[in-house]
Amino acid sequence: MTRITSVALRRVLDSRGNPTVEADVLTESGGFGRAAAPSGASTGEYEAIELPPTEAIAAARRHAVPRLVDEVHAGNQREVDATLRAADGSENFSEIGANSAVAISMAAAKAGADVLGAPLYQHLGGAFRGDNFPTPLGNVIGGGEHAKEATNIQEFLAAPVGAPSVSEAVFANAKVHARASEILDERGVPAAKGDEGAWAPPVSDAEAFEIMGEAVSDVEDELGFEIGFGLDIAASEMFEDGVYHYGDETKTTDEQIDYVAEMVDEYDLVYVEDPLDENDYEGFAELTERVGDRTLICGDDLFVTNVDRLQDGIDVGAANSILIKPNQIGTLTDAFDAVELASRNGMDAVISHRSGETEDATIAHLAVATDAPFIKTGTVQGERTAKLNELIRIADDAV
Ligand SMILES: O=C(O)[C@@H](CO)OP(=O)(O)O
Ligand SMILES: [Mg+2]
């Protein structure tokens, strides 16, 4: 019933105006799934390879599509993804592109769910998945690789940890975003928006901490539940010649660890992603040892959703959570394996968008299917609200 009868690939626009790969998968009994690959700007050195979409599509048509059509079942995700891996033949999808692979992998999952008549999160998570909803981490102020002339730290993320429902959490983040805009206005700071819709003001990181703290506590008072905040430092992007660059200032690794640990305590940060360079497992381990009992230290560029890199991290105690981005590794199977390895080792798996996105909402389902404590998927803008609104629909049983 779920045997794949066709895989169509095309170039579509992403939110930055760049082309990306979209896949349509059809099955024997009329199941249909469509999905598109996202794309990063602050990409990790060890991510699977994103090829120019035209090349990725041509290579996937040549190598993967003939192995999938009439051969493989969309309802059997491991079979689909193993076929993509075999068709590619490399470690990192350098032949067909992780962008083609992830689009096909996600489209097949949707086609499989369609045949079964089940929502995607149910198909992926099964009958015995947990029944929690992820707390959305909402990008409110940012800079780094996502906006010029803004903060050095890439993302200041609202985290409505006390929200009674996913819907209230989503709206709380939107309120923090709006409140941050008012505070910037009061301070006479003009702010454009970065790639993910966060305000990208020309302020120091210290001022951004203050503004975030104020915005979060104002909205917390108004709504009456706890709202914290967190960061994606994206430190690999700052790390050059052995030091971290904050504009004209630099920090050594020890200074970086001290700085992050101080910020965790000063602002009660609930989440800190990529506080150190992607090769610095020891630095991660030291920081986790210091503050890991009171905040999540999350590896994004460090782990790149890769079980081998995650195992290396587990061995030395680097981080207590992992960011999961299916396009970093190329298939849903690989992403699920990383979630499973993390949870077997007492680590949290946080599901994430990329800075270049489409209206594809697969990650909302992935977060619910895997019982993720957090999903990082922006605050406003259509390609971000696509996922947030899908979470609301899932909670409302309306997908
Ligand atoms: O660093 C990150 O976590 C992501 C998403 O916020 O950014 P990018 O997609 O540019 O890697
Ligand atoms: Mg990151």
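Two strands pair if DSSP finds at least two bridges between them. Helices (H or I, at least four residues) and strands (E, at least two) are DSSP runs, numbered from the N terminus. This is a predicted model, in which local features need pLDDT of at least 70 and side-chain atom pairs count only at pLDDT 80 or more, while totals for chains, interfaces and linings use all residues. Residues are numbered from 1 along each chain as its sequence is written, and chains are lettered from A and ligands numbered from 1 in the order in which they are written.

**Exercise 1. Work out which strands pair with strand 8, and in which sense.**

Step 1: Recall the rule. Strands of a sheet pair through backbone hydrogen bonds, either parallel or antiparallel.

Step 2: Take strand 5 (residues 155-159). It runs antiparallel to strand 8, with 5 bridges between them. Glutamate 155 has aspartate 232 of strand 8 as its bridge partner.

Step 3: Take strand 12 (residues 271-273). Here 3 bridges join it to strand 8, and the two run parallel. Aspartate 232 stands opposite glutamate 273 in strand 12.

Step 4: Ask about cover. In strand 8 (residues 228-232), 5 of 5 residues are buried. Gly228, Gly230 and Asp232 lie on one side, Phe229 and Leu231 on the other.

**Exercise 2. Describe how helix 1 packs against helix 4.**

Step 1: Helix 1 (residues 53-63) meets helix 4 at an angle of about 60°, with the axes 8 Å apart. Axes are lines fitted to C-alpha atoms, for helices over the stretch in contact, and angles run from 0 to 180 degrees between N-to-C directions.

Step 2: Classify the angle. Helix 1 is therefore oblique to helix 4; angles under 35 degrees count as roughly parallel, over 145 as roughly antiparallel, 65 to 115 as roughly perpendicular and the rest as oblique.

Step 3: List the residues. Pro53, Ala56, Ile57, Ala59 and Ala60 of helix 1 meet Asn99, Ser100 and Ile104 of helix 4. Two residues are in contact if their C-beta atoms, placed from the backbone, lie within 7 Å.

**Exercise 3. Find what surrounds helix 13.**

Step 1: Count the cover. In helix 13 (residues 362-369), 8 of 8 residues are buried.

Step 2: Name the neighbours. Its buried residues pack against several elements, including strand 3 (32-36), helix 5 (120-125) and helix 14 (382-395).

Step 3: Look just beyond. Aspartate 371, with a positive phi near 60°, follows helix 13.

**Exercise 4. Summarise the whole protein.**

Step 1: Count the elements. There are 14 helices and 16 strands.

Step 2: Consider burial. Of the 399 residues, 59% count as buried.

Step 3: Picture the extent. The C-alpha atoms fill a box of roughly 60 × 45 × 40 Å along the principal axes.

Terms used: A residue is buried if 20 or more other C-beta atoms lie within 10 Å of its own, exposed if 12 or fewer, and partly exposed in between; C-beta atoms are placed from the backbone.
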